[in-house]
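Me: I would like to learn how to read a model of this kind with some care. Could we go through it feature by feature, with the general idea before the particular case?

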Amino acid sequence: MNRLGVTTSLGTFLLLAAPGAWAACSFDVEVGDTLAFNTKEMTAEQSCETVTVNLTHTGKLPAAAMGHNWVLTADEADIQPIANDGMAAGVNGNYVDADDPRVIAATKLVGGGQSTSVEFSVAELDKGEYVFFCSFPGHWTVMKGSFKVT
Ligand code: CO
């Protein structure tokens, strides 16, 4: 096998080994009874126009104890203020202020065994890096990742 063949095979292998790393229009995100999303990086193409995020909580704890949501915003510096403003909404309000203009998209808060989805437009978003996080009190400090629009 020539050098090019080896390189091509390796590239294919890396893509298959990291299915969360390539651009898509629909994402399946899992969370459990820990403060972690199963992905740290998501990439969506602007040409998707609409992106769907399906969030599944595979744990056992109820939303009031270990609730998770998936919230998208443009600036990492806004995570804490969004979470702070979402505190007043409480569990029933998904810990997100429904009128927060900094929130681009947000799922409902789910507990163990529950799943939810959010669909939102990326057609008007600038290409670049955004950030997703869980706005449950305290979770946002570690439950976050990068959402790129290409
Ligand atoms: Co959470």
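Me: What should I know about the source and the confidence, and what does the chain average in pLDDT?

Reply: This is a predicted model, in which local features need pLDDT of at least 70 and side-chain atom pairs count only at pLDDT 80 or more, while totals for chains, interfaces and linings use all residues. Residues are numbered from 1 along each chain as its sequence is written, and side-chain values use heavy atoms, with hydrogens and water left out. The pLDDT is the predictor's confidence in each residue, from 0 to 100, and where it is low, the predicted coordinates should not be read in detail. Here the protein chain averages 89, and 85% of the residues score at least 70. Over residues 1-21 the pLDDT stays under 50, and the model has five contacts beyond four places in sequence for that stretch, a contact being heavy atoms within 4.5 Å.

Me: How many helices and strands does the protein chain have, and in which order do the strands lie in the sheet of five?

Reply: Helices (H or I, at least four residues) and strands (E, at least two) are DSSP runs, numbered from the N terminus, and two strands pair if DSSP finds at least two bridges between them. The protein chain has three helices and eight strands, following the pattern α-β-β-β-α-β-α-β-β-β-β along the sequence. The open sheet of five strands runs β2-β8-β7-β4-β5 with mixed pairing, and its edge strands, β2 (41-44) and β5 (105-106), each pair on one side only. Between β2 and β8 the pairing is parallel over four bridges, with Glu-41 having Ser-146 in β8 as its bridge partner.

Me: What is the order of the open sheet of three strands?

Reply: That sheet has the order β1-β3-β6, again with mixed pairing, and β1 and β6 (115-121) are its edge strands, each pairing on one side only. The parallel pairing of β1 with β3 (residues 50-57) extends over six bridges; Phe-27 stands opposite Val-53 in β3, and Val-31 stands opposite His-57 in β3.

Me: Which protein atoms are donors of the cobalt ion, and why is their arrangement irregular?

Reply: Donors are N, O and S atoms within 2.8 Å of the metal (3.2 Å for Na, K and Ca), and since water is not among the atoms, sites may look incomplete. The protein donors are Gly-67 (O), His-68 (ND1), Cys-134 (SG) and His-139 (ND1), lying 2.1 to 2.6 Å from the cobalt ion. Four donors count as tetrahedral if all angles lie between 85 and 135 degrees; four count as square planar and six as octahedral if opposite donors are over 155 degrees apart and all others between 65 and 115; anything else is irregular. The four donor atoms here subtend angles of 81 to 129 degrees, which makes the arrangement irregular. His-68 lies in the loop between α2 (63-66) and β4 (71-73) and His-139 in the loop between β7 (128-133) and β8 (144-149), so the pair ties together parts 71 residues apart in sequence. Both His-68 and His-139 are buried.

Technical notes: Buried < 20%, exposed > 50% of the residue type's maximum accessible area, 1.4 Å probe, protein only.
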